[in-house]
Amino acid sequence: MKQHPVKNSAMLCQQALIVRIECRFGERAAFHIEHDCASSFESYVSCRTGTPKRSDDVCAAGEREFLRCPESLDPAGDFNCVKARDAYYDCRGDTRAEDISCSTYIEVVGVCSALRVRCSDLLDKYLTCTDKGSPNECAFGSHMRLNCLHDLKAGIFLQTSTCDSIWSEHLKNCSGAKGLEVGGPTPCTHAANWNEASFSICESQGGSPETIGVAYVNPKDDSNYRLPICWAPKGENHHMGEEAEHAIGERVVRVIHRLGETRYESM
C-alpha cells in the first residue's frame, strides 16, 4: 500500500482500508464491483486530506452512503452513488447538519433529480426545517413541495405560490407532535415514513369554482382511511382510502382531479 504524505498517514491508511474492506465484504458488497471499492478507498482518502479536510466520522459516513445508495435511490433519476456521496458531504458541510439529517437528505435529492425540478435551494430549505422538526417530517415536506413543482412544470398547477404555500404551512403546522396528527388542514407524516405517507395538494384557478387537485396515495400508509382529500366538498366524507383502492399492488397511485374528471396513474 502506498503511504500518503500526511501526518498520521499510517492511521489514515488503516482507516481507508477498513472502508475498502466494508465495501468488498460488507452487507452491501453484492451491489458493488471491485472498481467501486477502489473508488471508495480513494474518495475516503481525498475526503480526509483534501479541502476542506473532514473527520474520519464524516468521511466514513459518506462512504456508507455511497454503499447503500442502490437501495434508496430511484434508478430512473440522474442521481448515482457518487452524486449521493457528494450531496452527503455538501450537507455535512453546513453547521446545521447532522448525520441522520444528511442521510435522509440525499434520498430527497434523489427524488428531486428523478422529478427533474430545481434542486439548488433544497438543502437550505431542508436544513431550515430540521432546526425545528425531525428529518423525517422535513423530508416529507420537501417531498410534497418537489412533487408540487413537478405538477407545476407539467401544467396541472399554474401558480408557484401553491408549492410555496404547502411548504410554509408544513413548516408551521407539522413540527413536533403536530406531525403525528391526522385530519388537520396540512398534510403531515402522521408517524409514517416520509416516503410512504399519502398527501394531496389543491389549487384554485382563476374564477372557476372548482378546485384542481393532485393526490399521491401510498397503499402502505395505514392512515389512508382517516386522511381527508383536499378537493372534497366541505362536509363530504371523502378520504385517501377510497383512492388507494385504485393502486396496483404496493405502487403509489397519482390521482389528478380537474375539469370535473378524476384520472389515476400508477407510479
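Figure 1. Buried means under 20% relative accessible area, exposed means over 50%, and partly exposed lies in between (1.4 Å probe, protein chains only). The accessible surface comes to about 13,900 Å², and carbon and sulfur atoms hold 51% of that surface. Accessible areas come from the Shrake-Rupley method with a 1.4 Å probe; for residues, only the protein chains shown count as cover. Residues are numbered from 1 along each chain as its sequence is written, and side-chain values use heavy atoms, with hydrogens and water left out. Because the model is predicted, local features need pLDDT of at least 70 and side-chain atom pairs count only at pLDDT 80 or more, while totals for chains, interfaces and linings use all residues.

**Figure 2. The secondary structure of the protein.** The protein has nine helices and four strands. From the N terminus on, the order is α-α-α-α-α-α-α-α-β-β-α-β-β. Helices (H or I, at least four residues) and strands (E, at least two) are DSSP runs, numbered from the N terminus. Of the contacts with a separation of 6 or more, 54% join residues 24 or more positions apart. Contact means heavy atoms within 4.5 Å.

Figure 3. A cavity is a set of points on a 1 Å grid over the protein atoms alone, where a 1.4 Å probe fits but cannot get out; lining residues have an atom within 4 Å of a point. About 50 Å³ of space lies in the largest cavity. Grid points are joined across faces, edges and corners, and the volume is the space filled by probe spheres set on the points. Helix H7 (135-153) and helix H8 (160-173) each give at least two lining residues. Among the lining residues are Cys129, Lys132, Glu137, Cys138 and His170. By class, the lining has four nonpolar, four polar and two charged residues. Ala, Val, Leu, Ile, Met, Phe, Trp, Tyr, Cys and Pro count as nonpolar, Asp, Glu, Lys and Arg as charged, and the others, Gly among them, as polar.

**Figure 4. Ser142 in helix H7****.** Ser142 counts as buried because its relative accessibility is 2%. Its side chain reaches the backbone oxygen of Cys138 at 2.9 Å. Not counting residues up to four places away in sequence, Ser142 touches Val108, Leu122, Tyr126 and Trp167.

**Figure 5. Cys230 in a loop****.** Cys230 sits between strand S2 (211-217) and helix H9 (240-244). At 33% relative accessibility, Cys230 is partly exposed.

Terms used:
On a 1 Å grid over the protein atoms alone, a cavity is a set of points where a 1.4 Å probe fits but cannot get out, and a pocket is an open set with protein on both sides within 12 Å along at least five of seven lines; lining residues have an atom within 4 Å of a point. A polar contact is a pair of N or O atoms within 3.5 Å; within protein, one must be able to donate a hydrogen and the other to accept it, and residues adjacent in sequence count only if both atoms are side-chain atoms.
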